[in-house]
Amino acid sequence: MEVDRLERRFGDFVAVDRISFGFRAGDIFGFVGPNGAGKTTTMRILATLDAPTTGDARVNGVSVVDYPDEIRSSIGFMPDHLSVYTNLYVEEYLDFFARTYGLSGRRRREAVQSVMDFTELHSLRRKMCDTLSKGMRQRLGLARTLIHDPKVLILDEPASGLDPRARIEFRALLEELSRRGKGILISSHILTELSEICNVVAIIERGKLLTCGAIEEIRKNLRRHSVIRIGFLDRIEEAHKKVMLYPGVQAVRVAGKELEVEFVGDEAARAALLKNLVQGGLPVVQFAGHEQNLEDIFMEVTKGQVQ
Amino acid sequence: MNGANAGRWAAVEEFADRASDRLNAILIRETRRALNGKLFAIVFSVLLAICVGACLIIGWSEAGEEGLGWMVFRVLFLCFSGVAFMGLPSIISSMVQGEIREKTFELLCITNVTPARIIWGELWTAAGLFLLMASGIAPFMAFSYLLGGVDVRTIATGMGFIFLMSILLSLFATVAAVVPGREIASKLAVVLFALGAWGAASSLVMPSYWVPLVDMWDEPQTPWILLALLGTYLSLGGIFFTVGMARIGFAAANRSGPIRLAVLVHLAVISTIAWFGELPQAWATLIIYQHSVLFLLGMACVGEEEELTCRQSRKGRLARRLGPIWSLFLPGASRGMAFVTLAGIITAGVTTLGLLNAHAIDTEWLAWPWITLAYLVVYFGASSALCRLLPARWRTPLLRRAGVLLVFFVFLMIPLFVAVTTGASLARNPLLTVSHPILFLANLWDYSVQDWVSATLLLVTLAGVVFVLRLPSFIRGIRVGWKGPTS
Ligand SMILES: Nc1ncnc2c1ncn2[C@@H]1O[C@H](COP(=O)(O)OP(=O)(O)OP(=O)(O)O)[C@@H](O)[C@H]1O
Ligand SMILES: [Mg+2]
């Protein structure tokens with residue numbers, strides 16, 4: 001799937017601002033951003049539910065704007081809310097969607113059976129689908145998305161509202177799907193959640209694509225900007241002054257007998273800083289490079305401007 | 001033994017399953033939901049209970065009277081038409097609204113199901129429910145036949161009328177449910193719709209209900225009447241259908257071209273019918289009636305300025321190649337206005353010519369162009385008033401459509417007004433509760449010169465005000481329509 005300078009305006013408001021990215025079969029592409037970032041809008045366009053103002057997206061070279069009808073059979077979209085019908089059993093629900101995708105006879109029955117096997121819904125097949133719990137609904141949603149065996153899956157916040165166990169099970173399902181060669185686009189607010197399953201992530205805020213790439217790459221690009229905690233026995237004032245003047249230090253905060261140093265530089269530069277302090281006779285008791293975790297990356301990349 | 005039974009049962013199931021592949025998926029889903037739920041069972045039992053009650057009361061109070069069967073038939077007919085014209089469309093409408101509310105519609109839109117199949121599914125469901133209810137009422141109809149006074153042809157024609165109307169109304173209900181987006185607006189639309197539909201439907205079933213059909217079949221006009229009915233029925237149905245399709249198929253599939261085409265076809269049909277002198281006034285009035293509903297829908301869909309998406313501007317490029325006339329059929333800012341204006345002028349002209357040809361009795365023919373003009377005046381007046389008087393944040397496309405709803409209401413009145421003044425039987429239809437105030441108004445009108453002059457002055461003033469208010473939009477629309485889109 002190729003997304004090419006996609007833009008969507010609502011009146012004067014730009015919900016998605018010329019974003020471009022792409023992923024291939026077998027990839028799990030994470031799409032992260034705060035509330036109102038434009039994730040759902042983008043995904044709806046990719047799922048042919050909405051039309052972009054400008055730009056285009058292609059699946060295997062076929063445009064979703066110009067040939068929505070052709071695209072639909074190769075895309076499975078799971079919205080952030082699961083829509084169900086009242087008075088319809090789980091099995092009937094899946095059967096209905098199989099019919100709407102044009103499956104008939106044995107192929108339809110097999111499709112329903114196989115997605116129920118895959119999502120372990122067999123025990124619930126005679127349950128009304130509007131009485132399911134959140135986790136079960138999510139499974140049913142995934143089953144519905146898979147019923148026509150699409151090549152690309154677009155999942156909008158599939159893990160929200162799931163308990164930890166359900167989350168892990170859901171992740172296993174996604175990994176299995178990726179092994180089967182499906183390209184998966186999955187959105188979330190939480191980068192940590194995605195980092196465990198996605199090989200590529202894109203961070204978007206206010207409709208703009210801030211960064212895109214493998215998690216390790218993003219991390220490496222940001223590593224230059226690490227935080228180091230240095231503990232001293234005493235003479236904290238003197239240490240503060242000395243550290244402040246050291247090249248590469250961006251900011252220093254005093255926290256009791258510790259300094260929190262924002263430092264630009266790789267590991268060699270950090271070793272040099274420590275050497276410099278020790279040689280200056282300061283009583284360093286602790287020197288901890290604080291690894292930036294994904295939350296920090298997320299907080300750093302996004303500006304916290306919720307719209 | 002048991003095994004053989006199970007095997008046979010499985011074979012039956014297998015067969016049913018394979019047969020169901022030929023049916024519309026939505027019909028299957030709705031049938032399953034109806035069987036799993038309670039609502040339909042309740043509606044069905046209530047209908048039966050009413051029929052039993054009605055039969056008992058009539059049988060008890062009028063026993064031994066002449067033509068008892070005719071009376072029972074009419075009461076059954078009234079009950080059943082009530083359910084078929086109000087109950088069935090509102091079941092369908094609430095189904096569709098439920099889908100929109102639960103957003104299951106979106107899921108459907110990204111499957112291989114086309115909007116046309118969705119609407120067919122709703123219609124099949126309506127037909128299925130109708131047949132179920134008709135089968136419930138059939139024994140009572142047979143009972144009225146046995147009592148005497150009503151023949152099979154009357155019963156069959158009556159039921160046929162109810163069926164066709166109920167399907168048309170369900171189609172309209174589907175459209176009404178998908179046109180306005182928000183809850184209150186949909187409810188308002190449904191209420192207005194129910195009022196209008198009640199009038200329209202009752203005028204359509206009149207021949208089977210109040211006029212003894214036995215006589216009607218001997219009338220020379222009957223073929224014309226049936227032709228007019230069929231023509232308006234089919235073309236109106238076509239409009240509802242395309243409008244529904246356009247509303248269901250999201251932004252990615254704009255269908256204003258087909259809608260405008262369907263509107264033109266309908267205009268052609270009714271204008272052609274107006275050329276024939278064989279139609280009695282009541283039927284001519286009926287046709288105006290449908291004309292008004294048609295305009296309502298045309299307006300609701302194309303009468304507002306549309307936002308151009310990139311897909312549409314691609315079409316715009318196509319339009320430039322097609323030339324000015326064809327580009328009127330493509331979506332784009334203001335072109336809806338220009339389209340409706342031109343269509344209104346053309347229809348008014350053609351209809352006037354036709355009526356001059358056929359119904360040139362005194363000044364009566366003037367009613368036709370006046371209705372078209374009045375329609376345009378009220379629509380543009382209402383929408384420009386809304387646009388000017390409301391604070392900016394309320395000037396939504398939805399509210400601009402409110403003008404259309406208002407016009408719909410006015411247009412319920414005008415044809416009745418004409419009918420009453422010309423003494424057509426429409427006004428005596430007691431099902432039509434809205435006709436009483438009109439009857440009163442109509443008595444004030446005597447076709448005198450003063451009446452026409454004052455009406456003319458009023459309309460011309462209104463038209464002038466509205467035209468000036470909307471002038472930029474008219475000009476822009478016609479210019480865009482002429483030159484092709486610029487974006
Ligand atoms: N139909 C619409 N009309 C006007 N504005 C809209 C419409 N749909 C979305 N928006 C706006 O577009 C922006 C992006 O919305 P979107 O739903 O894509 O965000 P999101 O990233 O999915 O957020 P969340 O994490 O809360 O689901 C929001 O500011 C929203 O208000
Ligand atoms: Mg969202």
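## Ligand 1 and its polar contacts

A polar contact is a pair of N or O atoms within 3.5 Å. In this predicted model, Lys39(A) meets that cut-off with ligand 1: a polar atom of the Lys39(A) side chain is 2.8 Å from a ligand oxygen atom. Asn35(A) also reaches an oxygen atom of ligand 1 through its side chain, where a polar atom lies at 2.8 Å. Ala37(A) uses its backbone instead, with an N or O atom 3.1 Å from an oxygen atom of ligand 1.

On its own, ligand 1 has 630 Å² of accessible area, and the protein covers 63% of this.

## The shell around ligand 1

The shell around ligand 1 holds 13 residues, and the closest of them are Asn35(A), Gly36(A), Thr40(A), Thr41(A) and His189(A). Sorted by class, the shell residues are five nonpolar, six polar and two charged.

Two elements of chain A, β2 (13-22) and α1 (39-46), each give two or more residues to this shell. The largest share is that of α1(A), with three residues.

The size of an interface is often given as the accessible area lost when the parts come together. For chain A and chain B the buried area is about 3,300 Å², and carbon and sulfur atoms give 53% of it. On the chain A side, the residues that lose the most area to chain B are Leu49(A), Tyr85(A) and Arg99(A), which together make up 18% of what that side buries.

Counted by residues, the contact involves 44 from chain A and 32 from chain B.

## Salt bridges and polar pairs

Eight salt bridges are found across the interface of chain A and chain B. One of them joins Asp95(A) to Arg32(B), whose closest N and O atoms are 3.0 Å apart. Polar contacts between the two chains amount to 18 residue pairs, counted where both residues have pLDDT 80 or more.

## The side of chain A that touches chain B

Several elements of chain A supply at least two residues each to the side that touches chain B: the strands β1 (2-10) and β4 (54-59), and the helices α2 (68-72), α3 (90-100) and α4 (105-118). The most comes from α3(A), which gives seven residues. The numbering of α3, 90-100, takes in Asp95(A) of the salt bridge with Arg32(B).

By class, this side of chain A consists of 18 nonpolar, 13 polar and 13 charged residues.

Terms used:
Residues numbered from 1 in each chain as written. Chains lettered and ligands numbered in written order. Predicted model: local features only at pLDDT ≥ 70, side-chain atom pairs only at ≥ 80, totals over all residues. Heavy atoms only, no water. Near = heavy atom within 4 Å. Polar contact = N/O pair within 3.5 Å; in protein donor to acceptor, adjacent residues only side chain to side chain. Areas by Shrake-Rupley, 256 points an atom, 1.4 Å probe, with all protein chains shown as cover. Helix = DSSP H or I, 4+ residues; strand = E, 2+ residues; numbered from the N terminus. Nonpolar A, V, L, I, M, F, W, Y, C, P; charged D, E, K, R; others polar. Contact = heavy atoms within 4.5 Å. Buried area = accessible area lost by both parts, 1.4 Å probe. Salt bridge = Lys/Arg side-chain N within 4 Å of Asp/Glu carboxyl O.
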